[in-house]
Amino acid sequence: MDNSKRKAIARVPAKVCQYGSDCYRKNPVHFKEFSHPHLESILADAPASEKYRIPDELFISREVVLEQLKILEQIYPELMNQNCPPSKYSKNNNSLTPSSTNNCSSSPSKPSPSNHSKNDDSAVSSQSKASLTPKAADPKVNGAAKPKSPAPIQKPNAVADLFAERRAKMAKIRAEEQKKQDPQPSTSASQGRNQADTPKQTSGVSLKKVIPRNIHDYFPVVAPRGQMAKKLAAAAPYNYFLTTITDAKVTHSEPLSITFQELLDSSLGELECSVQMNFMVDIGWLLGHYFFAGYENRPLLILYGDETPELKMVSTKKPNVTAVKVHIATPFGVHHTKMGLYGYTDGSMRVVVSTANLYEDDWHNRTQGLWVSPKLPPVPEDADTGACDSKTGFRESLITYLNSYKIAQVQPWVARIQKTDFREVNVFLVASVPGGHLNTPKGPLWGHPRLGYLLGKHSAPIDDACPLVAQSSSIGSLGPNPQSWVLAELMASFRRDSAPIGLRRIPAFKMIFPSFSNVRNSHDNLLGGGCLPYVKATHDKQLWLKDYLHQWRSDSRNRTKAVPHIKTYCRWSHRGLYWFLLTSANLSKAAWGVYNKSAKFEAPLRINSYEAGVLFFPKFVIDENFFPMEPKLGQQHPHFPMPYDVPIIPYAPEDSPFFMDYLRG
């Protein structure tokens, strides 16, 4: 579209996107700030049939262009050909009007079955599997074709767009603060306004070489350099942290709060290579951290679950980065593990198990947990490598888990781990991998039977009066009553301890999940619930669950207003904490597994997703039967840093869980 035609449409921004036809952005906020002539021309030339003529010479994929066109079409319907008047789009096609686009809301749609079993990260994916494709542009219901119409922005993308607006707002606030500190001369006032009104690019920046020189302009919380090794030593013997909260400044200097940048701190060792395993990865955000740490050209392997154009093409721009999508046979599972492997130039390595995705919002105002291993040295050439595993068998478990991927790029890391001394690790790895699983001579390897097996071997005897407390950021379809799965299978595993099997009652089950009021009063208001994809349609089928629900409260850790994306499971009494599990696994069958009871012989365990967590036993960490839960004078061991307040508070009668529906309009 030529400039004269563009100027005739007053609402189209005058400022052209700096990336031109290479732009991959799909947030409405971006298209309200910048003009994209190549897309506007396609819209203007679209025939009445609404089949866009996309030039073959465009570098980016047709799917991305189609999705961008749909966003533009909804924001600026006047760009369309005269054969399709704007009134048609708002009246007949249920497209978002400009006002509703600003609110990033649309009419709710029926959730797919996978929403009930998949994990929470899929709800905020900026490149959702529900994204529009050419095939999806021709909807059919029961085989009968409907008139073609512009599809509304998919719901998961709408949630992601809300976060994009928050990021743009933060950028403006920072720019305004900078203007106050360094006022511009009156002759350049208009230039200052333009800079303040321009949101920072938050996706793919490393690929476009526009990373700012000042790290404080890129990340809202920056910890002092060179201090992470001391912080980790002070966190012993648990090595368990929560992420800093941007809007809770007290957390910025807490000894048990860390940023992602600190995982790359030079005090931990000079990084030689690394692996990041996760569900959602904003490659620009991630490489920004490596850039500022001085490691942007070091080998990096990324195993991810959610596909984005940036991840697909990153190797063409950054040859040192290899990104591999983890494919899962079932549509109801995701690669949900959050784990990092860090190899250092002296031959040592480190393992980090986390609950956070690798993108800005998960490290902003959400409560996340991380376990950081000690620095693990290489095994001497003449040493017996088989004797260098931990008492918890962490190395063997990690190798078994990595081999389950059957990905060639992972094998060099398996070889490195086999030659690494893991004896300082004091936690167990508890993981899940997709498939049908039977017991092995070493016991069950995955899911809730794996946890039950470890509890039966190593947990101190526990009074049945002690409840199991589960806490997660998503809840799957659990069945019409507690006995359907929670009590019959999950609690059958989670209740176990080393006491002799006998007549015992099932312990109480309690669940911590944010209520609507928890989220409404959070740092980000209702937007904070974007990481809680529990939907009302699922809850209505399991109303019994409300009797078990408890509020999110974390005054002791300054995180009551930081919505939890962390997942934990534990049991305690007045004597102390018997065990504690930090994991990526939400309360769902997809994550923990469900037995196939129709099997003729041994019932196999069916798991849909990849998950990983670390299990703390007092016997292996402090050589006691309980972790202390409160600080006391003269106490031999530090108290365990619980992520929430104890005792926990049940829902009041008027409370309800937060539903993702609140963000869908």
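Let's begin with Asp421, which is buried at a relative accessible area of 10%; buried means under 20%, exposed over 50%, and partly exposed in between, using a 1.4 Å probe and protein chains only. The side chain of Asp421 meets that of Arg423 in a salt bridge, 2.6 Å from N to O. A salt bridge here is a side-chain nitrogen of Lys or Arg within 4 Å of a carboxyl oxygen of Asp or Glu. Arg423, on the other hand, counts as exposed because its relative accessibility is 52%.

Before going further, a word on the model: it is predicted, so local features need pLDDT of at least 70 and side-chain atom pairs count only at pLDDT 80 or more, while totals for chains, interfaces and linings use all residues. Residues are numbered from 1 along each chain as its sequence is written, and side-chain values use heavy atoms, with hydrogens and water left out.

Back to the charges. Side chains of opposite charge can pair when their charged atoms come close. The structure holds 13 salt bridges. One of them joins Glu270 to Arg298, with the closest N and O atoms 3.5 Å apart. That pair links distant parts of the chain, 28 residues apart: Glu270 sits in the loop between helix 12 (260-263) and strand 5 (271-277), and Arg298 in the loop between helix 13 (283-293) and strand 6 (300-304). Helices (H or I, at least four residues) and strands (E, at least two) are DSSP runs, numbered from the N terminus. Glu270 counts as partly exposed at 43% relative accessibility, and Arg298 is partly exposed too, at 27%.

Another salt bridge is the one between Glu396 and Lys442, where the closest N and O atoms are 2.3 Å apart. This pair also links distant parts of the chain, 46 residues apart, with Glu396 in helix 15 and Lys442 in the loop between strand 13 (435-437) and helix 17 (447-458). Glu396 is partly exposed at 37%, whereas Lys442 is exposed at 52%. Elsewhere, Asp464, Asp497 and Arg504 are linked in a network of salt bridges.

Eight strands form an open sheet in the order 4-3-11-9-8-5-6-7, with mixed pairing; two strands pair if DSSP finds at least two bridges between them. Strand 4 (257-258) and strand 7 (321-325) are the edge strands, each pairing on one side only. Further in, strand 8 (residues 339-344) and strand 9 (residues 349-354) pair in the antiparallel sense over five bridges, and Tyr342 has Arg350 in strand 9 as its bridge partner. Helix 13 packs on this sheet, touching strands 5, 6, 7 and 8, and its direction makes about 150 degrees with that of strand 6. Helix 16 (residues 411-418) packs on the sheet as well, touching strands 5, 8 and 9, at about 65 degrees to the direction of strand 8. For these angles, axes are lines fitted to C-alpha atoms, for helices over the stretch in contact, and values run from 0 to 180 degrees between N-to-C directions.

Strand 22 (residues 611-616) is worth a look next: six of its six residues are buried. In a regular strand the side chains alternate between the two faces of the sheet. Here Glu611, Gly613 and Leu615 point one way, and Ala612, Val614 and Phe616 the other. Strand 12 (residues 428-432) runs antiparallel to strand 22 and is joined to it by five bridges, with Phe428 partnering Leu615. Strand 19 (residues 576-583) also pairs with strand 22 in the antiparallel sense, over four bridges, and there Leu581 has Leu615 as its bridge partner.

Phe616 takes us into the largest nonpolar core, which has 58 residues; Leu341, Tyr401 and Phe616 touch the most other members. Such a core is a set of buried Ala, Val, Leu, Ile, Met, Phe, Trp, Tyr and Cys residues joined through side-chain atoms within 4.5 Å. Its largest share, five residues, comes from helix 15. A second, separate core of 45 residues includes Ile462, Leu490, Phe494 and Trp544.

Finally, Thr392 lies in the loop between strand 11 (369-372) and helix 15 (394-403), and counts as buried because its relative accessibility is 6%. Its side chain makes a polar contact with the side chain of Ser390 at 2.7 Å.

Terms used. Polar contact = N/O pair within 3.5 Å; in protein donor to acceptor, adjacent residues only side chain to side chain. Contact = heavy atoms within 4.5 Å.
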